[in-house]
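Trainee: I'm new to this one. Could you walk me through it, one piece at a time?

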Amino acid sequence: MNPNKITIAIVTEKPEVGRIIAQSISHSPVIKLDQNILQTTSKGANVYICSLEGNPFRLTEPQEIDSRLNSWSQPEYCIDLPLLIKSVPANGSKQLIARIKKHLAQADIVYFATDSDTEGCAIAHEVAGYCNVNHKSKRILLVESLDKKDVLTALKQPQDLQLT
């Protein structure tokens, strides 16, 4: 990869979507860095395609917030839950999130190509927030199909990362 080129990271919700995007945009061979991260170039930019396997986050458990809590339904402990409950990497996804976070930190711009449903939007927000890349994130919507033409069209029309 050329360090003088712009670096783009694209986050997908599924590895098969990542492979399709890589094939659609690539101007060089696609290199598989591991089962979830692909590397290529497109229009002079270094591109990392980081594929999740569904939602890699979970909500914090009651005991992680306050050792006195056994469940979320204990009215004797009045705490400000919205401020305390956070999304954290699920046990099986900690290493994947760490690898993706590294690539997102190096990127000049991050595109989220998660599903267009509510969960896909939530995943994009959780990953962007956890990886601290909200300021350089956009959302691309692949609502028609996953053919090359639709992928390229979606990349030309990025949207702000916002709750939908």
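Mentor: Let's begin with β2 and β3, which run antiparallel and are joined by three bridges. This is a predicted model, where local features need pLDDT of at least 70, side-chain atom pairs count only at pLDDT 80 or more, and totals for chains, interfaces and linings use all residues. Residues are numbered from 1 along each chain as its sequence is written, and side-chain values use heavy atoms, with hydrogens and water left out.

Trainee: Okay! Which residue in β3 is the bridge partner of K32?

Mentor: That's L38. Strands here are DSSP E runs of at least two residues, helices are H or I runs of at least four, and both are numbered from the N terminus.

Trainee: Zooming out, in what order do the strands of the sheet come?

Mentor: The order is β2-β3-β4-β1-β7-β8-β9, seven strands in an open sheet with mixed pairing. Two strands pair if DSSP finds at least two bridges between them.

Trainee: Why is one side of β2 and of β9 left without a neighbour?

Mentor: β2 (31-34) and β9 (159-160) stand at the edges with a single partner strand each, so one side of each has no neighbour in the sheet.

Trainee: And in what sense do β7 and β8 pair, parallel or antiparallel?

Mentor: Parallel, over three bridges between β7 (residues 109-113) and β8 (residues 137-139). To find that pairing on the model, look at V110, whose bridge partner in β8 is S137.

Trainee: How many residues apart are D34 and R99 in sequence?

Mentor: They're 65 residues apart in sequence, and 9.8 Å apart in space from C-alpha to C-alpha. A polar atom of the D34 side chain also lies 2.7 Å from the backbone nitrogen of N36.

Trainee: New topic: pockets! Which residues lie nearest the centre of the largest pocket?

Mentor: I25, S42, K43, L152 and L155, out of 15 lining residues. A pocket is an open set of points on a 1 Å grid over the protein atoms alone, where a 1.4 Å probe fits, with protein on both sides within 12 Å along at least five of seven lines; lining residues have an atom within 4 Å of a point.

Trainee: Which element gives the most to that lining?

Mentor: α6, with four residues. At least two residues each come from β1, α1 (15-25), β4 and α6 (148-156).

Definitions and conventions: Polar contact = N/O pair within 3.5 Å; in protein donor to acceptor, adjacent residues only side chain to side chain.
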